[in-house]
Amino acid sequence: MPKPEHYVAPFDEDAVEVDKIKLDEKPSNLWRDAWRSLRRRPLFYISLAAVAVIVLMALFPTLFTDVAPNDDCHLEFSNAGATEGHPMGFTKRGCDVYARVVWGARTSLAVGLLATLISGVVGIIMGSLAGFYGGWVDSVLSRIGDIFFSIPYILAAVVVMTTLSEYRSVWTLAFAIGGFAWASLARILRSEILRVKSGDFVMASTATGRTKFSTLISHVLPNSITPVIVYLTLSLGGAIVAEATLSFLGVGLGSEVMSWGNDISAAQTSIRTAPMTLIWPSIFLTTTVLAFITLGELVRDALDPKARARG
Amino acid sequence: MLMYVVRRLLQAVPVVIGTTFLIYFMVFSMPGDPILAMFGDKTPSPALYDQLAAQYHLDQPFLVQYGLYMKDLFTGNLGTTFSGESVGAVLSRTFPVTLKLASMAIAIEFCVAVVLGLFAGLRKGKFFDNLTLVIGLIMLSVPIFVLCFLAQYFIAIKWGWASPTVGADTSFSNMLLPAIVLAASLFTTSMRLMRGTVIDTRSRDFVRTAYAKGLPGRRVIPVHVLRNSLIPVVTNSAANFGVLMVGATVTEGIFNVPGVGNTLYQAIIRGEGPTVVSFVTVMVLAYVAINILVDLLYAVLDPRIRYA
């Protein structure tokens with residue numbers, strides 16, 4: 001029987017691109033891959049720029065406007081259109097719309113970030129303890145999570161803010177939103193930890209004498225944090241919407257605080273005569289949320305490329 | 001199946017107790033006088049104060065208060081609103097309107113999401129797919145009250161295609177605009193789910209078999225791909241229900257639809273704490289009930305769930 005012929009590549013032939021090993025490149029990991037894929041998306045730069053502008057507005061509103069948003073109001077300009085120095089016209093009380101919109105960024109961002117932070121901390125604690133320790137800890141924490149999951153968080157925040165009507169501040173508002181929005185995060189993290197904790201490296205960690213808690217903190221949590229980051233980036237937009245909705249309903253911050261929700265609520269009575277007073281803060285609110293949500297979705301695509309295909 | 005129903009109902013018991021307890025706890029264990037706090041900067045009349053104190057059993061210890069409150073809740077005694085009408089009567093008057101609005105919104109949302117998701121999935125990566133992606137992203141970002149005002153201003157006031165407020169006339173055509181707005185705020189998640197499932201279903205063996213048998217695309221797509229992609233979208237409507245309730249509250253308020261949401265909206269705006277608490281409790285219980293119902297429906301549609 002004749003031997004099958006084997007093709008042997010001659011030495012002088014160049015290796016095909018896929019076979020080459022680039023020794024000078026840094027080893028790839030999840031974060032570097034994610035960054036590489038993010039860098040290629042033009043939408044990433046657009047939403048990042050929008051976020052940067054909003055953050056600048058929140059930190060240094062005086063960079064954008066010299067007009068005082070609340071004290072420089074003249075009733076004779078009530079609902080007046082745009083004039084020199086006042087590009088977006090005036091509110092019903094004669095305040096400069098542009099100045100109010102610029103100063104409003106601070107409230108939205110502060111409440112949004114704080115609420116996301118609070119729901120993140122609570123969700124991570126509840127989810128990781130439930131997933132990692134299992135048993136009765138899991139039963140108790142997951143039932144508590146079910147309860148919070150069963151209350152739409154804006155409705156819960158409405159009840160909290162109605163009851164706490166005397167103590168309205170950025171903090172109470174952030175607690176009212178974040179304190180009820182953590183349940184889905186806890187669920188996501190719990191199932192991720194259940195998947196991760198059966199890995200050999202977890203057993204190796206406890207076998208070398210680490211306590212269970214120390215293993216959770218230094219090995220299990222860092223390996224299951226990706227969906228948490230994706231969820232938190234996406235929920236930042238949701239928290240900003242929640243703040244605006246509560247302010248719009250009159251149970252957010254007081255009307256003396258600059259907030260897009262407050263301004264939209266105040267402008268609704270003159271929607272027929274001065275629609276732009278309502279539309280400008282709406283545009284800023286929507287653009288901000290859109291920028292954060294787009295950023296969150298791009299981060300998700302980068303960290304979990306299969307997510308987009310799954311829908 | 002019976003075992004599954006019993007198990008699912010038993011699972012709901014701690015959730016119902018927990019949610020009502022949580023709401024009750026939030027309201028009645030805050031520092032200060034809970035009744036005064038519920039009125040904000042207003043002061044209730046002494047008669048109303050005594051009535052509320054009796055209704056919430058404030059002279060009893062906290063846990064007894066809660067027990068009596070639960071007993072009232074389940075015997076249908078939900079308290080009274082500020083105008084003196086019982087919450088039960090208000091519910092029976094307003095609920096049909098909300099049900100109608102919600103059904104219209106869900107029907108519109110479902111049709112739009114299924115059609116757009118199907119074509120986006122079939123043309124994955126093409127222009128139409130990217131277009132729906134962008135539209136979905138924008139719809140996901142626009143807060144519902146902004147959407148309401150934009151629709152009210154442009155469609156109703158500026159172009160005059162619909163009436164800006166609904167009022168007492170809750171006919172189909174009059175409620176179409178709020179229903180469309182509500183649907184628009186919901187459809188992104190369903191559409192994405194549909195798109196993802198269609199992409200997944202299209203590469204399955206049974207679809208390849210159908211094509212291999214020589215069936216034309218106009219038969220394979222509706223009969224094999226579409227039908228098998230619908231289940232996740234149906235069950236997603238349960239997850240949408242929470243969004244729908246908040247959305248309905250705002251939409252009914254802005255378009256003045258005389259439904260449950262509008263009653264809650266007016267109570268929130270006017271700072272009528274007791275009414276807010278009653279209606280939020282009812283809505284949360286409805287939410288729990290709907291979730292059970294959808295889980296059971298899911299178990300009927302997909303036998304694997306029953307044995308999980």
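This is a short walk through a two-chain predicted model, from the fold of chain A to the contacts between the chains.

First, the ground rules. The model is predicted, so local features need pLDDT of at least 70, side-chain atom pairs count only at pLDDT 80 or more, and totals for chains, interfaces and linings use all residues. Residues are numbered from 1 along each chain as its sequence is written, and chains are lettered from A, with ligands numbered from 1, in the order in which they are written.

Start with chain A. It has 13 helices and zero strands. Helices here are DSSP runs of H or I, at least four residues, and strands are runs of E, at least two, numbered from the N terminus. Of its 311 residues, 44% are buried. Buried means 20 or more other C-beta atoms within 10 Å of the residue's own; exposed means 12 or fewer; partly exposed is in between; C-beta atoms are placed from the backbone.

Now contacts. Two residues are in contact if their C-beta atoms, placed from the backbone, lie within 7 Å. Take chain A contacts between residues at least 6 apart in sequence: 71% of them join residues at least 24 apart.

Next, the core. A nonpolar core is a set of buried Ala, Val, Leu, Ile, Met, Phe, Trp, Tyr and Cys residues joined through C-beta atoms within 7 Å. The largest one has 147 residues. Those touching the most other members include L155(A), V158(A), C148(B) and V280(B). Helix α3 of chain A, residues 97-133, gives the largest share, 16 residues. L155(A) reaches across to chain B: leaving out residues up to four places away in sequence, it touches M245(B), V246(B), V280(B), M283(B) and V284(B).

That brings us to the interface. Here 45 residues of chain B contact 40 of chain A. On the chain B side, helices supplying at least two residues each include α1 (2-28), α8 (176-202) and α10 (217-255). What is that side made of? It divides into 33 nonpolar, 10 polar and two charged residues. Nonpolar counts Ala, Val, Leu, Ile, Met, Phe, Trp, Tyr, Cys and Pro; charged counts Asp, Glu, Lys and Arg; the others, Gly among them, are polar.

One loop residue to look at: V251(A), between α10 (226-248) and α11 (260-267) of chain A. Buried or exposed? V251(A) is buried, because 25 other C-beta atoms lie within 10 Å. Its contacts, beyond four places in sequence, include V158(A), L246(A) and I268(B).

Last, a contrast. G214(B) follows α9(B), with a positive phi near 95 degrees.
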